[in-house]
Structures are given as C-alpha cells and as structure tokens.
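This report goes through one protein model, from a pair of helices to the chain as a whole. Please look over the sequence and the structure before reading on.

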Amino acid sequence: METRKMFFSRRNLLKGSAASLAATALGSSSTAFAQQSSAPTIRPLTGKMTYEEVRNRAREMMIPRCYVCPECNGRGPCVGQVPGFGGMGASRGFQANYDSLAAVQLNSRVVHSVHVPDTSIDFFGTKISMPVIAAPTGGTTYNMGGKLTEEEFVNAICGGCNKAGTLGAVADGIGDPLLVYEKRLQTLKEHGYKAIVGLKPRLQKDIIERMRLAEEAGIIALTIDLDSAGRAARATKGQTVEPKTFEQLKELVKASKLPQAQRAILIKKSNRTLINF
C-alpha cells in the first residue's frame, strides 16, 4: 500500500484552497451560462475518495466560513467570525475547550484475549457502532456561506454517520425560519436516517412545537443546548431564548412522545448526577 505524507501549514492550506477554487472555476466556465439559469441542485459524491479529495471538496464548499484546518482548535483564520464555525471574540473559550479535551489521553492495552474489539454501545435502545455521534449543527446560509443546500448538508452528515453505523444530527438554528427546520426533518424522514435533533432554549410552546415535528420524522433523541440562552445574539426579534427552571425541564420531558429512555435528562457535574427525570 502506498503511503502518502501530507504537510500542512496555513500558507499551504490557503494556497491549496485557491488552486482548488480556481480549477473549479476554469473547469466549469464552458457551462457557466447554462448554470446561471438553472436552480441549485444537489451534487452527490459517488465512489471512494482520498482524504485529500475530501479536504479539497470541503474547502470548496466551506471557505470563507470554515478553512478546513488540520485541527479545529479555535486558532485558525476563522477566529471571531460569528456566525460561522469560529468562536466569538478571541476564541479563548473555544481554545480552552479544545485544550481540555486534548489533555485526555488514551492508554492502549495489548495484553488481553480480545482479538476483534467491539466498540458498539446501546444509545437509548439503538445500537451504534461506536460511542461517537455527530453534533447538531445548522444554518447552511449564515454558518456555512450558502454554498451547501440543506439537503446536501443533512445527506452528508446523517448519511455518512449512518453508513458508519452511528447517529447523525441536525439542529434548529435560532436564525432559521420554521420552514428551514422542517426541510431538515423532511430530509431525515425521506431517507430514513437515524439521528438526534438539537433544539434551542426557546419559549416552552415553541420547543414543544418543534419536538412534535422532530418526533414525526422518526428521530432517536432530542437535545437542548441551554447555554445558548446566555448569548445575547440569540435573542433576535421573534426568536426568544431563555434559561430554564427544573420545572420547565420536567414539563418538556412530559411533553415528549419518545419512550421514557429517550426522555431522560441528565445534568452532570464532576461525574455526579444532580438530576435525573
């Protein structure tokens, strides 16, 4: 098997990005006029791709919202670009989170009788191949630059995760109209993807409305990122977010039609469960 060494730097990364975009522009110049009058279409990827091809494709679709750095550590060109994938301000919180996770080390054991490791786990009654699932992300227009359609994004994330035997995820972006959220769920349902759905800490009635839509799409579980209530940028006109009391959390749990196992809310601190409904 041929081994290829790849060396990354920000300079080489941006040079490669520019070359990729230029090649794409030149290669498509003969059909540019015809494409101007046609609606955007989903561009499915078929066949096997190398790691370099995947990265080049990602750069083409994501720059300037994401530069597809070798490490997403909060220290790349995206610093301070919100919306997008970068952290706010100087990205100190982003960097601290990355460094804390990087400090976790895995100790490999090789003196045992296990020849075929089994990394599968049971996730709320659904067996997945590994204890890793996608994080809920949304907003292809404002977070990703608008080069990706909602269908492309959901197919890429959830389709890829399902092929790997794990769960994809989609989100209810605070800047998205309800119709955009419904489009994501429709894509999940049409393809039968197993996924989780992340919701914003909106008003109770708004959360419950979105819970109902997600449950009808056949999702596995729901999440709510309560920390979004602390960001002033989330409180846009007509898109109210708020902190939640334990009583409000209980109300949301009872409102869900998912099985009890999927309705458990765990809030942990220092490995101690503080509340479990």
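## Helix crossing

A crossing of two helices is left-handed if the near helix is turned anticlockwise from the far one by less than a right angle, and right-handed if clockwise. The crossing of α5 and α6 is right-handed.

This is a predicted model, in which local features need pLDDT of at least 70, side-chain atom pairs count only at pLDDT 80 or more, and totals for chains, interfaces and linings use all residues. Residues are numbered from 1 along each chain as its sequence is written, and side-chain values use heavy atoms, with hydrogens and water left out.

## Packing of α5 and α6

Helix α5 spans residues 150-163 and helix α6 residues 178-191; they pack at an angle of about 50 degrees, with axes 9 Å apart. Axes are lines fitted to C-alpha atoms, for helices over the stretch in contact, and angles run from 0 to 180 degrees between N-to-C directions. The two helices are therefore oblique to each other (under 35 degrees is roughly parallel, over 145 roughly antiparallel, 65 to 115 roughly perpendicular, and the rest oblique).

In the contact (heavy atoms within 4.5 Å), residues of α5 including Val 154 and Cys 158 meet residues of α6, among them Val 180 and Leu 188.

## The whole chain

The protein chain has 8 helices and 7 strands, taken as DSSP runs numbered from the N terminus (helices H or I, at least four residues; strands E, at least two). Of its 277 residues, 32% are buried, meaning under 20% relative accessible area, with exposed over 50% and partly exposed in between (1.4 Å probe, protein chains only). Among contacts with a separation of 6 or more, 62% join residues 24 or more positions apart.
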